[in-house]
Amino acid sequence: MSDSGAVPPAAEPPPMPALAAGSGAGAAHDLVAALLGLAALALLAASPWLVDQSGPDPFYKGPLIFPLIALALAAAGAAPAGWRLLRRATAPGDWQVDGRGFPRAAAGLFAVMCAFPVLILALGLQVAVFLALLGGLWAAGWRRPLAAPAVALVLALLVHLAFRTFLDIWFPTPLLGDWLRL
Amino acid sequence: MEFLFDGFAAAFAFDNIVALVIGTVVGLVVGVLPGLGPMVGMVVLLPFTFSLEASVALSLLLGVFCGGYFGGAVPAILLRTPGVPSSIVTSFDGFPLTERGEAQTALSAALVGSLGGGLISIVILVLLAPLLSGIAASFGPPEYLAAAVLGALLVVVAFRNQLGRGLLLLGIGLWLSTVGIDGPTLSPRYTFGFWDMQNGLDLVALVLGLFGIGQSLLLLEQGILKTDRLKLSRNSLDFSKIAGTLRYWKTLLRSGVIGTFIGLLPGPGSVLASFVAYDVAKRRSRKPELFGTGTPEGCVAAEAANNAVPAGALIPLLTLGIPGEALSAVLLGVFTLNGIYPGPLLLVKEPALISTLYWSMLLINLVAFAVLAVWLRPFAMIVKVPPVVLAVCVIAVSLIGIYAVNTRLFDCGVALAAGLFGYLLLRLNWPVVSLVMGIVMGPIIEDRLRQTLSLGEGSLWILFERPLTLAIMAVALLIATTPWLRARLAGSRRADRQPGDGSGTPPVR
């Protein structure tokens, strides 16, 4: 287990256990590995066109040799998974990453957070933080009419204090300000 | 050793003290919260370090690194839910003590163990770093290449049951580090015609995405806290219990040394350190039968070992420039972003910085102990914060931090993409550390490879012609194969002990 990874409780099994890594259970692991390996192979093949080779001669001093080694390493790492995938008849249930189905909360929050940087650009830091937090909490399923706006407001204030007042970091003028001036 | 006092004033400077206290408190918070951990704390604070001096930035992040291990013991003891993975060993004895109404005894043992382990490891770091640095001073590009490659490979090998996935992620990480303009030749690589890609993929955005965003999305899916079982008799630590804990000073000393030396090795990290120290303590104990039923000695062993790991991990980082795991890889990133390149000459070139780091480590351990001991209940209560609120706040702050660095939407996009990838990998329980190692080590390995190939006129045989590279490769091979050989040996011994059927067929395992 990685030091930075999620931690299951010692006594009780977590409600959403990841598949036993390395157990070979679940074709999802092999499928992800094989797809990544295929992408690495495609990049490996396309590398001569994706890397400008007008650099120095000989080849070993050039810009292409290291990416080729890296991609070959990735492809080699994925090869066993690809081989297993080709040889194994997979039951439909094996394709589930875990038994909890589609992660709606994570997907919803991720979608809101994708819009967040654009909101910063358009509306400015503080307003964007307030709206993104409100939307993020709602998308993640935390729908408390009083607590959610309060949390959003507190974080917006803390962000303003940390980034603008304390660190004095420059943020571009919100586009909305430009539009309103026009 | 005179240089030790060069950084004394810098370590006790106001801005450094503020940074290390903030870092330590953040570390304690993310350590107490199961599902986050010090890595999330470090990457969230990473964008704040750009406006700081190198020593202050490192103190801030080292505070999170060490504080995280201190904090992880609290939920492990009170809720049997480890805040950081290595604290799972602390819960073996900590939670039974809590159930018997002796939570204060368990917490005293864990905190004294953490402090003792941290201090022992700093002493070893101070003594060992110059020795290793002296050896590394005779390193040329081939030696560095051998050390860097084998360091990265050892991290992959540490996840023995996921060798293929580790290699795959290492390869992807190395490749990601090549995107953008190649420094020596100024050739664009894998930019796909996008202007923004010419600067490469920002290290901070990638690491923040993988851990800050990926881990937070995962947190949403985990309802792992049982906060109704918090049992604490008072707000602060019961200091009268500390004297009783000091009876286990031999265990503390031994576990601290074990933790430091395991921290030295790339890959295994604090989980292995805790398990090994616990096992050794149990074997050496006069009452081994008490282990697992609630003995403070078990808490001391586990916490001393896991808290010794950060200083142990600093030894190869400072002397060779090779991080042993993801947390020290982030520290390496901070060094290089500040134009400081760890290696054998670092102790000669930057003695004040190194000295400041040593003093800061010492202060961090003392601050973490004091803060947690005095505000034990408030920190324990942090686990009551809803994971949804935490996840949303961490992602929002991560994205603001990334945007603040260059005010580029592109970096936020990189972080979000990395976050999605990180979420998938964490959910699959893949070794994400291999990916981070690849991203951070990529530029270093590429530089050394070019220099080595230039020295060897295109041939890598030069690696086999130099005694030091051969020695490095032999040591790494030994470390990589020892557990496997030991397992084979144990297997064959078991087979010998079992009564055979005369056919010579090995028993089915």
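Helices here are DSSP runs of H or I with at least four residues, strands are E runs of at least two, and both are numbered from the N terminus. The expected span of a helix is 1.5 Å times one less than its number of residues. With that in hand, meet helix H19 of chain B, residues 409–428: its 20 residues reach 29 Å from first C-alpha to last, close to the 28 Å expected at 1.5 Å a residue. Just after H19(B), B:Asn429 takes a positive phi of about 65°.

A word on the model: it is predicted, so local features need pLDDT of at least 70 and side-chain atom pairs count only at pLDDT 80 or more, while totals for chains, interfaces and linings use all residues. Residues are numbered from 1 along each chain as its sequence is written, and chains are lettered from A and ligands numbered from 1 in the order in which they are written.

**Two helix pairs**

Axes are lines fitted to C-alpha atoms, for helices over the stretch in contact, and angles run from 0 to 180 degrees between N-to-C directions.

| Helix pair | Angle | Axis distance |
|---|---|---|
| H8(B) and H20(B) | about 45° | 7 Å |
| H3(A) and H19(B) | roughly 170° | within 10 Å |

Angles under 35 degrees count as roughly parallel, over 145 as roughly antiparallel, 65 to 115 as roughly perpendicular and the rest as oblique. H8(B) and H20(B) are therefore oblique to each other, whereas H3(A) and H19(B) are roughly antiparallel.

Which residues of H3(A) and H19(B) meet? From H3(A) come A:Ala106, A:Phe110, A:Met113, A:Cys114, A:Pro117 and A:Leu121, and from H19(B) come B:Leu409, B:Cys412, B:Leu416, B:Leu420 and B:Tyr423.

**Where the chains touch**

Two residues are in contact if their C-beta atoms, placed from the backbone, lie within 7 Å. Chain A gives 75 residues to the contact between the chains, and chain B gives 79. On the side of chain A that touches chain B, the largest share, 11 residues, comes from H2(A).

**A closer look at B:Tyr190**

B:Tyr190 lies in the loop between strand E2 (188–189) and helix H9 (203–221) of chain B. Leaving aside neighbours within four places in sequence, B:Tyr190 is in contact with A:Leu50, A:Val51, B:Thr178 and B:Val179. Is B:Tyr190 buried or exposed? A residue is buried if 20 or more other C-beta atoms lie within 10 Å of its own, exposed if 12 or fewer, and partly exposed in between, with C-beta atoms placed from the backbone. B:Tyr190 is buried, because 20 other C-beta atoms lie within 10 Å.
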